[in-house]
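Trainee: Hi! Could we look through this protein together? I'm new to reading structures.
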Amino acid sequence: MMRVRVAKPNLIDRIVGYVNPGAGLNRIRDRTMLASAMSPGGYKGGKLDRRATKNWRPTGTSADADLLPELDDLRARSRDLARNLPVATGAIATNKTHVVGDGLVLSAQCARKVLGLTQEQATAFNRTAEWEFEIFCKSADFTRVQHFAEMQALMLGGALESGDIFALRRYRLDPGDTYGTKIQVIESDRVCNPFRMSDTDTLIAGVEHAPNGVPIAVHVADRHPGDLLRKPTAWRRVPMRYNDGRPIVIQLFDRLRPDQTRGIPYLAPVVEALKSLGDYTDAEVRAAVVSAMFTVFVKNSPDADSSPLPTSDTSGTAGKEEIELGSGAVIDLAEGEDVTFANPMRPNPQFDAFVTAFLRQIGVALELPFELLIKHFTASYSASRAALEMAYHSFRRRRTWLVRNFVQVVYEWFMEEAVILGRIEAPGFFDDPLKRAAWLNATWTGPVRISLDPLKDANADEKDRKNGFKTSQQIMTERTGGDFEDKTEQLATENKERAAAGINPDAVAPAAPAVEPADAEQLEEDLADA
């Protein structure tokens with residue numbers, strides 16, 4: 001146990017303590033902390049007298065104090081990198097592809113035991129909910145531009161680029177719509193303090209809080225601050241929830257610290273590294289292009305005639321003519337002239353190794369293995385498999401986060417209207433929170449896991465299924481996608497049609513005949529002769 005060195009009061013401490021006891025105690029406390037920091041033991045990273053850390057004094061501020069002053073610049077730089085730097089573009093696109101893909105598919109699974117339903121009743125409800133939700137998805141976008149599946153990718157991409165993104169629950173029944181519930185996506189910049197006023201104790205970066213710190217409303221501008229329109233901006237206060245607690249506003253962001261009000265862009269830890277990498281790449285490309293333009297130089301001796309060689313090209317610069325090299329051309333040089341061939345040293349032979357090492361560090365910060373970050377698999381099967389497994393866990397975590405904070409909430413909005421309209425029967429939905437949760441129980445299926453060797457994975461899944469470690473539905477979810485009941489029904493139909501056509505659905509290819517030992521020896525001799 002480390003002993004704390006308590007600083008003894010000196011003359012100045014006594015004088016200050018006599019005039020201001022509080023200040024005197026603060027002096028003694030600060031000198032005690034300094035003595036403890038300078039003493040042996042403890043964490044070296046917290047010492048103040050070591051060469052590596054004596055000038056390293058990061059401030060211990062709150063999450064908002066660390067983030068909000070630079071948030072606008074972080075967002076702008078993150079978006080610029082996502083637009084113009086291939087690595088950043090690919091990192092965000094890879095997440096959208098493997099987390100959302102074509103869109104997360106609903107698999108309604110009401111808790112029938114809680115609701116007292118039979119298997120047939122639960123199956124009928126689940127089928128109805130899935131079909132009705134598909135109808136809702138077609139008109140879910142408030143702007144009538146995107147399908148709900150595309151909005152999932154929009155929300156994920158916006159949260160990664162900007163740190164957070166908002167979705168508001170709206171209602172508008174347009175001609176031809178079955179459901180009037182709509183989702184309006186709000187970019188993060190539009191949620192800000194009215195008239196750009198400074199933050200207060202209850203209004204921080206456009207999010208209004210109760211005195212206990214709970215977010216209760218957001219202030220939304222009617223247009224983006226960077227919009228080209230030159231009209232006055234107006235703000236609207238939107239409550240986060242109804243009086244009964246049901247959500248109105250979704251703020252999709254990954255909260256990393258307590259009391260964090262706004263989200264941190266996905267690229268924030270590597271913004272400087274990506275910018276440096278982009279600048280270095282551009283410099284190397286320009287150097288290679290410029291170097292390729294210079295091939296041969298003609299050197300003159302001090303006594304040689306400095307007049308330019310005659311040529312038909314009169315587009316030279318600085319009074320000197322350029323000589324174009326033709327195929328098999330022979331050019332006479334003046335007396336005293338010599339020819340030197342350029343050695344540009346471009347492309348830089350160390351470029352690939354340097355960039356590769358740089359990208360490995362960036363991939364660690366972004367939770368993307370190097371192979372997946374650059375879409376290039378050159379390692380062994382085991383290494384590539386391990387990289388994909390690590391990436392899969394990252395994608396699965398982010399998919400669960402997206403479902404919990406956005407997709408499932410929208411499903412609840414849909415179900416409320418469907419029950420009110422009478423299109424779905426769900427007794428007790430608005431009366432009992434337990435029954436409400438039971439009716440809303442569902443899973444969401446996304447892109448399947450990448451497989452480098454499907455045969456090995458299929459054999460492993462078959463063993464897990466036989467041993468009871470996995471279900472057929474779980475295997476479909478992870479490897480092939482789709483619904484077990486749908487595929488079972490389809491397989492039954494196919495087998496029935498094959499049987500009607502006289503084809504045995506269970507027929508397999510005949511086994512190869514066994515090779516007798518004598519035949520085996522003859523086969524080896526034939527192969528040796530060949």
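Trainee: What is the mean pLDDT of the protein?
Mentor: This is a predicted model, and its mean pLDDT is 83. In the protein, 83% of the residues reach 70 or more.
Trainee: And where does pLDDT stay under 50?
Mentor: Residues 508-512 are one such stretch, and the model gives them 0 contacts beyond four places in sequence. Residues 514-518 are also below 50, with 1 contact beyond near neighbours in sequence. Where pLDDT is low, the predicted coordinates should not be read in detail.
Trainee: Okay, new topic. At what angle do helix 11 and helix 12 pack?
Mentor: About 110 degrees, with the axes 11 Å apart. An angle from 65 to 115 counts as roughly perpendicular, so that is how helix 11 and helix 12 sit to each other.
Trainee: Which residues make the contact?
Mentor: Helix 11 brings Gln 408, Tyr 411, Glu 412, Met 415 and Glu 416, while helix 12 brings Arg 436, Trp 439 and Leu 440. By type, they divide into 4 nonpolar, 1 polar and 3 charged.
Trainee: How many aromatic pairs does the structure hold?
Mentor: There are 17. In one of them, the ring centres of Tyr 280 and Phe 351 are 5.5 Å apart and the planes are at 25 degrees, so this pair is stacked. Tyr 280 is in helix 8 and Phe 351 in helix 9, so the pair ties together parts 71 residues apart in sequence.
Trainee: What about Tyr 411 and Trp 444, buried or exposed?
Mentor: Both are buried. Their planes are at 85 degrees, so the pair is edge-to-face. Tyr 411 and Trp 444 also belong to a cluster linked by ring pairs, including Phe 406 and Phe 414.

Technical notes
Residues numbered from 1 in each chain as written. Predicted model: local features only at pLDDT ≥ 70, side-chain atom pairs only at ≥ 80, totals over all residues. Heavy atoms only, no water. pLDDT = per-residue confidence, 0-100. Contact = heavy atoms within 4.5 Å. Axes fitted to C-alpha atoms, helices over the stretch in contact; angles between N-to-C directions. Helix = DSSP H or I, 4+ residues; strand = E, 2+ residues; numbered from the N terminus. Parallel < 35°, antiparallel > 145°, perpendicular 65-115°, else oblique. Nonpolar A, V, L, I, M, F, W, Y, C, P; charged D, E, K, R; others polar. Phe/Tyr/Trp six-rings, centres within 6.5 Å; stacked < 30°, edge-to-face > 60°. Buried < 20%, exposed > 50% of the residue type's maximum accessible area, 1.4 Å probe, protein only.
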